[in-house]
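I opened the notebook to record what I looked up, one entry at a time. The sequence and structure come before the notes.

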Amino acid sequence: METLTFRKGLRDAIPIALGYFSVSAAFGMICISNKMPMWAAPLISLTNFTGTGQFVGANMIAMGSLIIEIILTLMVINARYFLMSISLSQRLSSKITLLGRFAIAFGNTDEIFAVAMQQNKILNIKYMFGLILCSFSGWVGGTVAGTLIGSFMPIDLVSAMGIAIYAMFIAIIVPPLKKSKPIFTVVAIAAVLNCIFTYTPVINGIGSSWSVIISGVVAAAIGAILFPQEMEDFNE
Amino acid sequence: MNNVYLLLAVTAMAITTYLIRAIPLVLFRKKLKNKYLYSFLNYIPYAVLTALIVPGILYSTKSAVSIDSIATTQNIITACIGGAVALILSLLNRSLIIVAVASTIAVYIAQFILSSI
C-alpha cells in the first residue's frame with residue numbers, strides 16, 4: 001500500500017481542484033452580476049472555502065438580508081460539516097497537534113472529506129495538507145478567474161446570470177433526488193412549505209430568510225422521521 | 001453596495017462556517033449514535049436549497065427595464081425558461097458549470113426575443 005505523503009495528497013486532489021476551478025469561476029461571475037466589488041468573491045473564497053454555503057451567502061448578501069439571518073441560514077446549511085468533522089476526527093493521527101487540527105478543520109469540504117475517508121487508514125498531517133492546499137488553490141484560482149471574466153461581460157449577459165445561482169442549486173439537488181425517494185420527498189415538502197410561507201398573507205410577514213430556514217428544517221425533520229438512514233461505518 | 005455591510009456579512013459567514021467544522025474536530029472524538037439526527041443532517045442541504053429555489057428563481061432575472069408590471073411578467077417567463085433548461089440538463093446529470101452556463105444563455109436569448117417583440 002502507498003504511504004500517505006504530501007505529494008500523494010497533492011496528486012489525489014487534482015480532480016477536486018479541477019472541479020472546484022469551474023464551480024468557483026461561476027461563483028466569481030455571480031458575485032459580479034450581483035454588483036459586488038471585485039475583491040468580494042476572492043475574499044469570500046479565501047475565508048470560507050465551502051461551495052453551497054458561499055452561493056447561499058452571496059445570494060443573501062445580494063438580497064440585503066440581516067447578518068443574523070445569514071448566520072442562522074449558514075449554520076443550518078453547513079450543519080453536515082459538524083457530522084463530517086466528527087467522522088474525520090476519529091481518523092486523524094494522534095500525533096497531529098491542536099494547531100494542526102485547527103488548520104485541517106478549515107479544509108474539511110465535502111470532496112476532501114470523501115477522498116480522505118477513502119484512504120481507509122490513519123491520516124497524517126502531511127497528506128491532509130497536500131489535499132487541502134491543492135484543492136484550495138483550485139478554489140481560489142477559479143474565483144479570481146471568474147471575477148475577471150465577469151467584469152468584462154456585457155451588461156445584458158450579466159443580468160441574465162441572475163439565473164445561474166439557481167441553476168446550480170438545481171444541478172446540486174436533482175441528481176440525488178432522482179435516485180432517492182427520501183430526498184425527493186424532502187424536496188417536495190420544502191418546496192410546498194416555502195410557497196405557503198411566501199404567498200400566504202400575514203404568514204409571509206416573517207420574511208424570505210426565515211421562511212427558508214423554517215421550511216428547510218421542518219422538511220428535513222419530517223424526512224428524518226419518515227426515512228431514518230442507517231449510518232455509514234467509516235472504521236472498517 | 002455598502003462595503004461595511006459586505007465585510008460584516010463575509011466575516012460572519014467565515015466564522016460560522018469555520019466553527020461548525022472546527023468544534024467537532026477539536027472537542028468531539030466520539031461517534032454519533034443517533035440515526036434520526038444523522039438523517040436530519042443529511043437531508044438539510046437538499047431541503048434548504050429547495051426552499052431557496054422555490055419560488056425565488058421566478059424573480060431572479062430582473063433586467064435593466066424591470067420597473068413596470070409588464071417587465072415583471074417578462075422576467076418570470078425568462079426565469080421559467082432558464083429554470084426548465086437547468087432542470088432538464090440536471091436530469092441528464094450534466095455538471096454544475098454546464099447547467100449554469102446553459103441556463104444563463106437560455107435566459108439571455110429569451111430576454112432578447114421578448115424585448116424585441
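**Entry 1, the model.** I note at the start that this is a predicted model.

I looked up the elements of chain B and found 4 helices and 0 strands. Read from the N terminus on, they run α-α-α-α. I then checked burial: of the 117 residues in chain B, 44% are buried. For contacts in chain B between residues at least 6 apart in sequence, I noted that 36% join residues at least 24 apart.

Which residues of H1(B) are buried? I listed Ala9(B), Val10(B), Met13(B), Ala14(B), Thr16(B), Thr17(B), Tyr18(B), Ile20(B), Arg21(B), Pro24(B) and Leu25(B). I then looked up what covers them, and the cover includes five entries from chain A: helix H3 (40–48), helix H4 (51–63), helix H5 (67–77), helix H6 (79–89) and helix H7 (98–106).

The axes of H4(A) and H1(B) come within 11 Å and cross at roughly 155°. An angle over 145 degrees counts as roughly antiparallel, and the two helices are therefore roughly antiparallel to each other. The crossing of H4(A) and H1(B) is right-handed. On the H4(A) side the contact is made by Gly53(A), Gly57(A) and Ile61(A), and on the H1(B) side by Leu6(B), Ala9(B), Met13(B) and Thr17(B). I had already listed Ala9(B), Met13(B) and Thr17(B) among the buried residues of H1(B).

How do the axes of H6(A) and H2(B) cross? For H6(A) and helix H2 of chain B, residues 35–53, the axes come within 8 Å and cross at roughly 130°. That angle makes H6(A) oblique to H2(B). I noted the crossing of this pair as left-handed. H6(A) makes the contact through Ala79(A), Arg80(A), Phe82(A) and Leu83(A), and H2(B) through Tyr38(B), Leu41(B), Asn42(B), Ile44(B) and Pro45(B).

Notes:
Residues numbered from 1 in each chain as written. Chains lettered and ligands numbered in written order. Predicted model: local features only at pLDDT ≥ 70, side-chain atom pairs only at ≥ 80, totals over all residues. Buried ≥ 20, exposed ≤ 12 C-beta atoms within 10 Å, placed from the backbone. Contact = placed C-beta atoms within 7 Å. Axes fitted to C-alpha atoms, helices over the stretch in contact; angles between N-to-C directions. Parallel < 35°, antiparallel > 145°, perpendicular 65-115°, else oblique. Left-handed = near helix turned anticlockwise from the far one by under 90°.
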